[in-house]
Amino acid sequence: MRRRITSLTVLAALVATVLFALPLGIAVWQYYHDDTKSDLERAADATALAVSEDLNAGRTPIVPPLDEDDDEAGGEVGIYAPDGRLLAGRGPAVAGPVEREAANAKVDVVVGREDGEMALAVPVVSGSRVTGVVRAALPLAQLRLRIVLTWVGMAGLAVAATGVSWLMARRSTIRLVRPLEELAAAAERLGDGDFTARPPRTDIAEIDRVGEALAATAARIGETLERERAFSAEASHQLRTPLTGLRLQLEAALETPAADPYAALRAGIASADRLERTIEDLLALGRERRAPRAGLDLDTLLDQVRQAGEALLEPHGRTLRIIRQDPPPARAAAAAVRQVLGVLLDNAATHGRGTVTVVARDAGDALAIDVADEGPDLGETDPFATAPRGHGIGLRLARSLAEAEGGRLRLSRPDPPTFTLLLPADGPAAPA
């Protein structure tokens, strides 16, 4: 790309130089011809004025010395008789066609080429009689040398201009291409999984806009991937709970062969249904776009919580109690609320003791659902902190789901441990 940009720039400079140099070269050629003619005419006129008296009187004239301005061209001046003889000065011994034409006094100035020279002749007139002809000439080789030297100078300037164009193109190409290379390197690092890749600023508005768009894309991809990884880890934690309950039920059925096997099968099917519902909830919550929140069917939700809680607690000889204290209606995704309460029940079953109590109550402009057990005092510990074992992963997922539904999940009381889920009430006074 660098070579292409540099080549195109130099080519454009060459085309512009040629298009400019051709008419300028023709103008130079015309200028030197006109200038030489003017010099010769001035020298011939000055000589004619100086020798006219001698020629009119029939005396042999003497060519006067030329002024410095007239002699700059380096030409020669000769004086001819009307019959073509050279009387004085320098020139051919016999007049040529230019001098003979001037001797006929048909024109004031005659210009032409003779013997490799540019010749100019003017007649010297006395009345109606031509008494002589003054010839001024300059070798054409000398005229061509002046033109060629000027053309060579112009060519040198053209080469210098092309060289400067090449240097400027190279510098501009480096300034343009290097940011693109850095942008490509950042994109390559992004493709390799480095979502912290950020291209540097270049002060080129167009490239900077592309870099900003790439940086924003990298940030979004990194955040999305991080959320997906966190969600995968937290979702796997959610799936272990119903699987553990199902395993415990099957193991209990195996240890008591005299018990009714159909009861164990029915319990296993119920656990499988809960596992299937959990998977469906996680898939629904994992979608990028979720359906608008609908009215929460609290009765159905509490019934499902009862089934899941009993399946978790009965193998440990513990009980579940559900209390309704005039709970208000709320709008929230049932899958999200079910998963939050599932995490709290699992937490109470794993880390708590005694009876687990679920209370649905009115908290002003919110629906509050408390999940409490008779476990030890949590003290100053943060149950939502990430930990290899214990509360961390599941409770963090539950808090994220609650916040996604516009609610909150907090530890409302450390002793006995009580977690409270707050959801906006469904009513005209409910906050947005």
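Among contacts in the protein between residues at least 6 apart in sequence, 63% join residues at least 24 apart, where contact means heavy atoms within 4.5 Å. The structure is a predicted model, in which local features need pLDDT of at least 70 and side-chain atom pairs count only at pLDDT 80 or more, while totals for chains, interfaces and linings use all residues. Residues are numbered from 1 along each chain as its sequence is written, and side-chain values use heavy atoms, with hydrogens and water left out.

The protein contains 9 helices and 10 strands. These elements are DSSP runs numbered from the N terminus, with helices (H or I) of at least four residues and strands (E) of at least two. Of the 432 residues, 38% count as buried; buried means under 20% relative accessible area, exposed means over 50%, and partly exposed lies in between (1.4 Å probe, protein chains only).

A first point of entry is helix 3, which spans residues 97-103 and holds Glu99. Glu99 counts as buried, at 2% relative accessibility. Leaving aside neighbours within four places in sequence, Glu99 is in contact with Tyr80, Glu114, Ala119, Ala121, Val133 and Arg135.

The loop between strand 3 (110-114) and strand 4 (117-126) contains Asp115. Asp115 counts as exposed, with 74% relative accessibility, and has a positive phi of about 50° although it is not a glycine. Most residues other than glycine have a negative phi, and most peptide bonds are trans. Asp326, in the loop between strand 6 and helix 8, also has a positive phi, near 50°. Asp326 is exposed, with a relative accessible area of 69%. As for the peptide bonds, the one from Asp415 to Pro416 is cis, with omega near -10°. Pro416 belongs to the loop between strand 9 (408-414) and strand 10.

Thr162 is located in helix 4 (residues 140-191) and is buried, with a relative accessible area of 14%. Apart from neighbours within four places in sequence, Thr162 is in contact with Val10 and Leu14. Arg220 is found in helix 5 (residues 205-255) and is exposed, with a relative accessible area of 51%. Arg220 and Phe195 are 25 residues apart in sequence, and their C-alpha atoms are 8.8 Å apart in space.

Attention may now turn to the packing of two helices. Helix 7 (residues 298-313) and helix 8 (residues 334-351) pack at an angle of about 25°, with their axes 10 Å apart. The axes are lines fitted to C-alpha atoms, for helices over the stretch in contact, and angles run from 0 to 180 degrees between N-to-C directions. Helix 7 and helix 8 are therefore roughly parallel to each other, since angles under 35 degrees count as roughly parallel, over 145 as roughly antiparallel, 65 to 115 as roughly perpendicular and the rest as oblique. The contact is made by Leu301, Gln304, Val305, Gly309, Leu312 and Leu313 of helix 7, together with Ala334, Val337, Arg338, Leu341, Leu345, Asp346 and Ala349 of helix 8.

Leu341 also has a place in the largest nonpolar core, where Leu341, Leu409 and Leu421 touch the most other members among the 36 residues. A nonpolar core is a set of buried Ala, Val, Leu, Ile, Met, Phe, Trp, Tyr and Cys residues joined through side-chain atoms within 4.5 Å. The elements giving two or more residues to this core are helix 7, strand 6 (320-325), helix 8, strand 7 (356-362), strand 8 (366-372), helix 9 (392-404) and strand 10 (417-424). Helix 8 gives the most, with 8 residues. Leu341 itself touches Leu301, Val305, Ile369, Val371 and Leu421, not counting residues up to four places away in sequence. A second, separate core of 22 residues includes Leu40, Ala43, Leu55 and Leu140.

Helix 9 also holds Arg396. Arg396 is partly exposed, with a relative accessible area of 32%. Arg396 and Pro383 are 13 residues apart in sequence and 8.8 Å apart in space, C-alpha to C-alpha.
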